[in-house]
Amino acid sequence: MQKLLESLVEKHRPAAREGKVAEYIPELAKQDSRMLGVAVVNPKGDVHAAGAYRTRFTLQSISKLISLMVALMDHGEERVFAKVGMEPTGDPFHSLYKLEITEEAKPLNPMINAGAIVVSSLIRGKSVEERAERVIQLVREMADNPEIDMNRAVYRSERDTADRNRALAYFLKGCGAIDDVEETLDVYFRQCSICVDCIDLARMGLCLAQNGVTLRGKRVIPGDIARLVKTFMVTCGMYNASGEFAIRVGIPAKSGVSGGILALVPGRMGIGVFGPALDKKGNSITGIRLLEDFSKKLGLSIF
């Protein structure tokens with residue numbers, strides 16, 4: 001496994017020249033697009049890693065999985081999915097289009113920005129800080145790393161440049177989908193700024209692969225919620241490239257515009273990948289190619 005990962009990093013790292021970092025978030029624009037790292041963790045706790053696997057990066061849209069699980073634990077499926085749908089979309093993750101043409105301003109799924117903003121509005125807590133801390137704490141538990149926290153420079157960078165997300169949020173407020181725009185967005189920016197490395201991400205993936213049970217055997221997510229979230233990862237996890245990813249790679253995964261990808265093979269392993277060079281749909285170019293190669297070599301597809 002170790003040699004395989006090292007060879008895959010060397011093979012796919014040059015593809016970084018075909019992509020670009022997320023320049024619309026100033027702090028993410030500082031990332032080195034040439035980096036590529038991967039970590040794999042199995043139920044025995046064995047860790048195999050290669051490349052820039054110790055480089056820290058922010059979860060960005062990967063955090064949508066965590067906030068969804070917190071909201072579901074707070075309210076249950078009926079309340080959450082009365083506010084946000086379960087259907088994939090062929091539109092970009094930050095698009096307003098479907099909200100404008102449907103009778104009800106209900107985002108199609110929780111993995112696009114509009115849906116994730118609605119989900120963030122549902123997280124319980126007496127303050128923005130308490131609500132965001134509950135998301136961070138679940139990340140810590142899944143990754144078995146109490147040191148995980150948010151990157152405040154990235155948080156401020158997102159908060160200060162989030163014109164498109166503010167447009168989405170005000171549209172949602174105008175339709176009655178959320179109440180306080182700035183508080184909801186502050187929770188959302190904080191969760192997106194949670195900072196991890198590939199091993200953290202792989203341990204989080206393993207927790208989901210084991211239906212909500214951590215490497216140490218602690219249940220931190222109800223099994224039915226873990227299964228639901230893995231379904232969203234397959235249908236919506238890679239933005240509007242989720243169908244192609246399911247065909248070519250065939251495992252549940254969720255990407256973020258920092259270049260991270262959380263992936264898993266049910267019952268077998270969690271996988272964390274980091275490659276900040278993005279394609280036009282906002283997914284890591286090197287990360288997707290590495291995962292496709294990895295899946296084919298080991299026959300990991302769940303289909």
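Reply: A quick cut-off to start with: buried means under 20% relative accessible area. Keep in mind that this is a predicted model. Phe-57 has 2% relative accessibility, so Phe-57 counts as buried.

Now the rings themselves. A pair of aromatic rings is described by the distance of the centres and the angle of the planes. Searching the whole structure turns up three aromatic pairs. One of them is Phe-57 with Phe-274, which is stacked, at 4.4 Å centre to centre and 0 degrees between the planes. This pair ties together distant parts of the chain: Phe-57 belongs to strand 3 (residues 57-58) and Phe-274 to strand 7 (residues 269-274), 217 residues apart.

There's a ring with a charge over it as well: Arg-190 lies over the face of Tyr-155, 4.8 Å from the ring centre.

The largest core has 69 residues, and the ones touching the most other members are Ile-66, Leu-68, Met-69, Met-142, Met-204, Leu-208 and Ile-221. Helix 10 (residues 198-209) gives this core its largest share, nine residues. Take Leu-208 as an example: setting aside neighbours within four places in sequence, Leu-208 is in contact with residues including Met-69, Met-142, Ile-221, Val-229, Lys-230 and Leu-264. Apart from that core lies another, of 24 residues, with Met-238, Val-249, Met-269 and Leu-291 among them.

Technical notes. Residues numbered from 1 in each chain as written. Predicted model: local features only at pLDDT ≥ 70, side-chain atom pairs only at ≥ 80, totals over all residues. Heavy atoms only, no water. Phe/Tyr/Trp six-rings, centres within 6.5 Å; stacked < 30°, edge-to-face > 60°. Helix = DSSP H or I, 4+ residues; strand = E, 2+ residues; numbered from the N terminus. Buried < 20%, exposed > 50% of the residue type's maximum accessible area, 1.4 Å probe, protein only. Lys NZ or Arg CZ within 6 Å of the ring centre and 35° of its normal. Core = buried A, V, L, I, M, F, W, Y, C linked by side-chain atoms within 4.5 Å. Contact = heavy atoms within 4.5 Å.
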